Structures are given as structure tokens and as C-alpha cells.
Amino acid sequence: MKRILGCAVIAMFLGASPLLAKSVEGNEYGKGKTLYRNKCQFCHGLRGDGKGPAAEPLLGHPVNFTNSKFWQDDVEKKIEKTIKKGKEMMPAFDLEPDETKAIIWYMSRTFKKAAQNNN
Amino acid sequence: MIRKKLRKLFFLLVVLELLRLLPLNTAQAVPSFARQTGMRCSECHTVFPELTPFGRIFKLGGYVLGKSGKPYEFPPPLAGMAQASYTESKGLTSGVAPFDSIHRATDRINLPQQLSLFYGGRIFDKIGGFVQGTYDGVSNKIFLDMIDIRYSNNTIVWGKNLIYGLSLNNSPTAQDVWNTTPAWGFPFASSGVASTPAAGTIIDGALDRQVGGIGAYVFWNNFIYLEGTVYRTTRSGITKPLGAGTATGQVVDGAAPYWRLALEHRWKNHFLTIGTYGMQADIFPSGNRSGPADSFTDIAFDAQYQYMGTMGAEHMQEQMQMDGGHMAKAGKHIITAHATWIHENQDWKASFPLGNTGNPADFLNTFRMNLNYYHTSRLGDIGGSVGYFSTTGKTDRLLYSSIPVDGSRTGSPNSDGFILETDYRPGEKIKISLQYIIYNKFNGVHSDYDGFGRNASDNNTLYALVWFMF
């Protein structure tokens, strides 16, 4: 009986782990999406194309994340550094490391795909 | 001897530390919006309070854009403002307001003219606000000044950005983002003691803090702006707190709708806006709070042109070097032109039967235009404005009666003149202005306008202002 229960627990754990992983991923994605929408999209756009409502009035050129060139090289470090230090007209943001990670997670799973599709 | 030297040294160190802490163009000690966004004041303002295109978007976005990942701001986004001024015009007294209790309302030196404390920035998540509490040195009173609390969000409609939101405010046009409408229009500051013409439309400041309202707005594709707001009196009810500290002299009967439509177009660094705004309000005659009310309908048109210099990619490198690698500053040359025309129909349904007006109906037309130029350099921003103003309307001998200084011998509301102003901004948060107002006509005519020998030119006003934000 104990063996059966033990096997059942192991089976449940093994079966649930992908779901758990997915849920963690989902949370990360959701957190990143919320942060992106609150912090980034005003300039970079909801679609990541660099055409947010503030892009035109800034008279600058916010980066287009749906361009495949953006996703070359060590892009995650590049994003992290830009969020932390700012670049050109973009100010530095006071985000926690896990918040920055969540934004990168969301960006890579949303705009990287769009960039690949655009090519 | 040594003690004395030590004392002097200590005093010197204290002074040096205080000077270091003074918020003169230091990145860490900035007004709340700049602190929240991590951006310079000049991203949102040409020369405050005039807004840049980005400043307009920041305001429409609900003042919530910020660099923190939290849905709130800590410490709270507080800022302050101090204005000190000197006015020269015929008939003013030589005391210092507010310390001179007898002639406070006519003293040349106002020290301060105004002190304000702001809550400016995000309140929570997508809700932000601009809340101003003011001490006025001329009236020696503290009151809740301008309020604009917003909820804002944005989405994509027909492939383009749409900003949408709600605004709770207490002065019609306080919520507007173009500097053509009265609340934020030119002149951006003026004397609190000089005489001003008697006639003015209700949308032109007469209902400031007398009403509170909530409105909805949309801005699509950085092109079309549409807004509708409904106001009610701050004398009582749910909107009463929005008029805290201000006596409700203009009691609005029921709801007063306000509308706004504006179209903005950009080509390169040029921004052109044309628009219309207006409101309808029924207001009880002075002293009444019920019964029949007078009816006012204001319809206005406005236009703004803004040249934002050589800001942007082509100029950024140079500016960043100038600023030691900090955020780019607006371009070297900024030109703005504003114009507005307001027509008001006045239906004296209550005041005429009471004998307060000479006509059953009157009208007013107000026109204002100005041209600003600012040059930004290492030494600060320097510039100036030339403006013209005019109010015309129907003669009404009871409404505009003959009293010394503020009255009209002819019963005419007609006034016009010019404003010349020069501004110098040595740092981001300090502005020094010198303004001269020249009246051609005042309350009807040029000479002996009040029937007591005063001429329009006697009201010409020289006004010097130091305006400090911290």
C-alpha cells in the first residue's frame, strides 16, 4: 500500500512538474507583461515596434524590438544594462533584478517571435 | 581666538552645505515629476510651465510614467514653489505684502507673492495627480489651488495608439495640455496687485475653484484629442472639497458641460495644433443660491505652433556632451505661438429683472495671441514673449458702472493692449521674468475711462518676478 502511495506521489510530482514550470513561466510572463506595459510601452509601444504614444513627441527613435537586428549578440545583457543605466533619451529605471528579468522574459517571448516572423 | 576661528569655519561649512543642498540644477534635488521619471524638467517644459510635446503626453498619460517598478511612489512625489515679485503701476503702495496688513492688496513688493506645495506624480498604478495647495501673499490666505487627478491607460485602435482617461479637476481648462486655453495660457504669471480690466468670460478664470468636475478624454494617433467634462458647484455636495479655502462667489446651478476638440500635426520638429473648446453654465446672480440663474455659453477656438529646435538624434550628441552625459535637453531654439478667441453669450435671465444689468443679454469676445522665443545655452535659457490681448463686447452701463480705477465711464467692456516679457532661466528650477503690460483701452476708452480722470495708460504695469521650483 505504501509503495503504491509512494509511486502515486512520485507520478503526481512528475506529472505536475511541467505544469508547475509552466505556471512559473506564466507568472514570469505576466509580471513582465505588466511591467513592460507600465514602464516601457509608452515609448516602445504595446507591440514593441518603437511607436508608443510618447515616441513621436520625444523626437527620438525608441528602439524597435520587432527588428531582428535588435536580437543579435548578447541582447539580454544589453537590455539589462540599458534598463539599469539608461541610454540616450531613456532614463535609468530603479527596477529589482527579478523585475528586469521578467521584462526581458516577456520581451523575448513576445517581440523576438515577431522579429523572427518579420524576417 | 581659536574658538572664534573654529566658529567661523563651522559657519562657513554650514553655509557651503546649505548651498550644496540647494536644488539649483542638481539631478538629485528636482521637482517631483522629474524625480519620478528620472528625466530633466526640460523634457516636459520649454520654459515652465509651458509644455513640450512630450510634456503633453506625460500629462495625458496621467502623470504616472516613472522609473520605479512599484505601483506607488516612495517617498511621495512632493514639490514646492515660491514666487516673489515687484510691481510698478500708478496708485500702488510702498509696503511689503503680506507683512503690511493695511495696504496688502496694493503693495508693490510681494514677498512671497505665492508659495505652493504640490503633490505631483503617481498616486497608485495608473492613477496620478497634480494637486496644488497655495498660500497667496496678497490675500494672505491658504487654499486648495489647481487640482487634476487622472486615471489613464492606452491601447491600439485602428493600428494606432489611443490614450484614454478620466480627469477630476477644479478649474475648467486646468486639464488641458496646450498652452492656449486660459488656465495655462500666456502670461504664465502676472501681478497680484495691478488693476486688470473688469470684463472676462466665465471660462477665462472666473470659475477657477468655483466648480469641480469629472471628464473623459481620448487622444488617438497623437492627432485627435476629444474631451467632455461635467462640472458642478464647489459650494456644497461631493465637489465641495475641491474648492477648499476659496469663497464660492459664482454658484453654478446644476451641471455645466465643458467640451474640447483638438487636432495636432507634426512635421519634423514642428507641431501645429488647432482646436475648439467651450462650456455652458447657469450661474446664480451674486448673493443668490437658488431661484432663476443667468445663462452663459462660451465657444472658443485656439491654435498653437511649436518649433522644438534641433532636439532629437541630430542634436542629442552635442547636448549630452554639454550636460556631462545626462539626459538630452531641448534644442537650442524653441519658438511657440499661441492664439485663442473666446465668444461668450450672456443671457441675464435672472440679473436683468433684478436690475443688475442694463440689457437682457450681452456678449463678450476675447482674443489673445503671443509669440515666445527661447534660446538654450550653457548659461541657461533666455527668451521672451510678445503678446496682444483684446476684449470687446456690448455696452452695459449697469454691468460696467462708473467707479474709481476698476469702473467704466462709458459702460463698455472693451480693453486691449500688449504684453512684453523677457525670461531668464539660469537653472532648471528658477525663472526670472520681467513683464510690461501696455494698455491701449481699459474698460471702454483710452482717456478718463473710469470717469474719475484715470487713463488706460495709468494701468501700464511693470512686473518683475523670481519664480523658484524645488
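This is a predicted model: local features need pLDDT of at least 70, side-chain atom pairs count only at pLDDT 80 or more; totals for chains, interfaces and linings use all residues.
**Exercise 1. Decide whether α4(B) is largely enclosed or exposed, and name the elements against which its buried residues pack.**

Solution. A residue counts as buried if 20 or more other C-beta atoms lie within 10 Å of its own. By this criterion P53(B), F54(B), G55(B), R56(B), I57(B), F58(B), K59(B) and L60(B) are buried. Eight of the eight residues of α4(B) are therefore buried, and so the helix is largely enclosed by the rest of the structure. The packing partners of these buried residues come from both chains, namely α2 (55-58) of chain A, and α3 (41-44), β5, β6, β7 and β10 (270-283) of chain B. Just after α4(B), G62(B) takes a positive phi of about 85 degrees.

**Exercise 2. Describe the contact between chain A and chain B, and state which element gives the most to the side of chain B.**

Solution. Count the residues on each side, which gives 26 from chain B and 21 from chain A. On the side of chain B, the elements that give two or more residues are α4 (53-60), β5 (141-157), β6 (160-169) and α6 (313-322). Of the elements, α4(B) gives the most, with four residues. Sorted by class, the side of chain B that touches chain A has 13 nonpolar, ten polar and three charged residues.

**Exercise 3. Work out how α3(A) and α4(A) pack, and which residues make their contact.**

Solution. Take the geometry of α3(A), residues 75-85, and α4(A), residues 97-118, which pack at an angle of about 130 degrees with their axes 10 Å apart. That angle makes α3(A) oblique to α4(A), and the crossing is right-handed. The contact is made by E76(A), I79(A), E80(A) and I83(A) of α3(A), together with T100(A), I103(A), I104(A) and M107(A) of α4(A). By class, this contact has five nonpolar, one polar and two charged residues.

Note on methods
Residues are numbered from 1 along each chain as its sequence is written. Chains are lettered from A and ligands numbered from 1 in the order in which they are written. Two residues are in contact if their C-beta atoms, placed from the backbone, lie within 7 Å. Ala, Val, Leu, Ile, Met, Phe, Trp, Tyr, Cys and Pro count as nonpolar, Asp, Glu, Lys and Arg as charged, and the others, Gly among them, as polar. Axes are lines fitted to C-alpha atoms, for helices over the stretch in contact, and angles run from 0 to 180 degrees between N-to-C directions. Angles under 35 degrees count as roughly parallel, over 145 as roughly antiparallel, 65 to 115 as roughly perpendicular and the rest as oblique. A crossing is left-handed if the near helix is turned anticlockwise from the far one by less than a right angle, and right-handed if clockwise. A residue is buried if 20 or more other C-beta atoms lie within 10 Å of its own, exposed if 12 or fewer, and partly exposed in between; C-beta atoms are placed from the backbone.
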